[in-house]
Amino acid sequence: MVTLGIFDAFTPQNVQYLLGGLGVTVGVSVISVILSFIAGSIIGIVQFERIPYFSTFVGTINNIIRNLPLLLIIFFVYFALPKLGIHLPIFWATVVAMSTFESSMLAEIVRGGLESIDKGQFEGARANGLTNIQTMVYIVLPQAYKKMIPPIISQLISLVKDTSLAMGIVLSEMTYRGQIVYAQNSTYIIPVLIAITLVYFLLNYGLSLIAKWFDRRLA
Amino acid sequence: MSMIEFNNVEKYYGKFHALKNINLKIDKGETVVLIGPSGSGKSTLIRTINGLEEIQEGNLLVNGFDLHDPKTDINRIRKNVGMVFQHFNLYNNKSTLENVMLAPRLVLKRSEEENKATAMALLDKVGLADKAANMPSELSGGQKQRAAIARSLAMKPKALLFDEPTSALDPEMVGDVLDVMRDIAKDSSMTMLVVTHEMSFAKAVADRVIFMADGEILEDSTTEEFFNNPKEPRAQQFLSQVDHK
């Protein structure tokens, strides 16, 4: 057959192979989103609370990580940690690297969100007899998270996109597998890249819809 | 026993000496008004009583507990001492009713049924029963302040601190808030300390007036004495500048 239709790239094997890559991408993303949301919140609160020495220490580490390229962190976890005796399978190495980096980004958003809450909210609650923790849980965090939804979601969207950097350590995620597929035939390049583009778009558009839903529910 | 007792209290913000050798006793059930020019330390003084500001020297006994003693549990004091703020500080993420019910539920573990009944009765008392479901952003300034007063009263405190409760209100809202405060002052078991610029309120309600300037208490006298025969020149000057007739 001479007619090279755009769908020729999508043989059953290729589609299955690409979907497997999507599974890896989604897996890394979902686990990293959850881990970095939890860790980022804790780090952000620690920085906000200004605990002597400890907050400064955590803040400094966080600043260093935040200013490194993600790819470097991925290389460090996958290539350097084994030299120190810590061996992680490639999937988990990516999860650890992504979570570390995204936690430090989210921590900054959480800290900023907390700073934006009027001091009167803390004073009102403390004067009312609430403990520090009750004040955070019932009054401050709900208000802060509501304000933080848009920046947090855009950070999580970058996280999903940045999983593609793991092809640097040959993690078999979606973008990497796309490359393998169009390496078979150069006419596959455009259709495969378009397909991958659509999938990333749908993933992230889904995320932003979830964000809108949360925003409306909390408003 | 006095409800609130300052003994040689000193407070600094860095090098700035905010409270200078404060000695003051307020008895249970007393209504005391604290007045003075802005920057005189009135708000700082009232905020030390529930530990929103720390003191550096002296001791400060509230309901028998020393606030300057690190062993004192500050939350135990705050349970018994309510505070009403200039800017209300209602919980923005809670309805009016929830604002009133939250602390009794979390701190006093009051049963949900009793908590709701008490809260509704208080909202009724301050004229906000119909606003129970509204969010603070839907209330006017005067309504917010009355809700904040109800929130403080729900803890059944022994003392209430008012930090310029009407200063942020539009003039037509002031009266309703003062009426509620007058009502509370009638309760002979409630100790009230009020920082205010409302001289007519001070005259009508206060047992005593404390006059402060530059971080010091310059005059501590009965209301009548203070308004008719102020001793300190600073107090005389202050009274001549504010309209208190």
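B:Arg105 forms a salt bridge with B:Glu98, and the closest N and O atoms of the two are 3.0 Å apart. A salt bridge here is a side-chain nitrogen of Lys or Arg within 4 Å of a carboxyl oxygen of Asp or Glu. Side chains of opposite charge can pair when their charged atoms come close. B:Arg105 is partly exposed, with a relative accessible area of 24%, and B:Glu98, at 22%, also counts as partly exposed. For these words, buried means under 20% relative accessible area, exposed means over 50%, and partly exposed lies in between, with a 1.4 Å probe and protein chains only.

Before I continue, a note on the model. It is predicted, so local features need pLDDT of at least 70 and side-chain atom pairs count only at pLDDT 80 or more, while totals for chains, interfaces and linings use all residues. Residues are numbered from 1 along each chain as its sequence is written, chains are lettered from A and ligands numbered from 1 in the order in which they are written, and side-chain values use heavy atoms, with hydrogens and water left out.

Let us stay with the salt bridges. How many salt bridges does a search of the whole structure find? Over all chains there are 17. One of them joins B:Arg234 to B:Asp214, with the closest N and O atoms 3.1 Å apart. B:Arg234 lies in helix α9 (residues 233–241) of chain B and B:Asp214 in the loop between β9 and β10 of chain B, so the pair ties together parts that are 20 residues apart in sequence. Helices (H or I, at least four residues) and strands (E, at least two) are DSSP runs, numbered from the N terminus. B:Arg234 counts as partly exposed at 33% relative accessibility, and B:Asp214 is partly exposed at 43%.

B:Asp214 has another feature: its phi is positive, about 50°, although it is not a glycine. Most residues other than glycine have a negative phi. B:Asn63 likewise has a positive phi, of about 55°, and is not a glycine. B:Asn63 sits in the loop between β4 (57–62) and β5 (65–66) of chain B. Is B:Asn63 buried or exposed? At 16% relative accessibility, B:Asn63 counts as buried.

A further salt bridge is formed by B:Glu219 and B:Lys231, whose closest N and O atoms are 4.0 Å apart. This pair links distant parts of the chain, twelve residues apart: B:Glu219 is in strand β10 of chain B, and B:Lys231 is in the loop between α8 (223–228) and α9 of chain B. B:Glu219 is buried, with a relative accessible area of 4%, whereas B:Lys231 is exposed, at 55%.

I turn now to chain A. It has eight helices and zero strands, and buried residues make up 42% of its 219 residues. Along its principal axes, the C-alpha trace of chain A spans about 80 × 45 × 20 Å.

Next, the pockets. On a 1 Å grid over the protein atoms alone, a pocket is an open set of points with protein on both sides within 12 Å along at least five of seven lines, and lining residues have an atom within 4 Å of a point. The largest pocket has a volume of about 780 Å³, a volume being the space filled by probe spheres set on the points, which are joined across faces, edges and corners. Of the 25 residues that line the largest pocket, the closest to its centre are A:Arg126, B:Gly51, B:Leu52, B:Glu54 and B:Arg78. Which element gives the most to this lining? It is α5(A), with four residues. By class, the lining of the largest pocket has ten nonpolar, four polar and eleven charged residues. Ala, Val, Leu, Ile, Met, Phe, Trp, Tyr, Cys and Pro count as nonpolar, Asp, Glu, Lys and Arg as charged, and the others, Gly among them, as polar.

The second largest pocket has a volume of about 360 Å³. Its lining has 13 residues, and nearest its centre lie A:Phe37, A:Ile149, A:Ile152, A:Ile153 and A:Phe214. By class, this lining has 13 nonpolar, no polar and no charged residues.

Finally, the surface of chain A. A:Val30, A:Ile34, A:Phe37, A:Ile38 and A:Ile42 make a nonpolar surface patch of about 440 Å². Patches are made of residues with over 30% relative accessible area and no salt bridge; like charges are joined within 9 Å, and nonpolar side chains (Val, Leu, Ile, Met, Phe, Trp, Tyr) within 5 Å. Accessible areas come from the Shrake-Rupley method with a 1.4 Å probe, and for residues only the protein chains shown count as cover. A:Ile34 lies in helix α1 (residues 12–49) of chain A and is partly exposed, at 47%.

Key:
1 Å grid on protein atoms, 1.4 Å probe; cavity = no way out; pocket = protein on both sides within 12 Å on 5 of 7 lines; lining within 4 Å.
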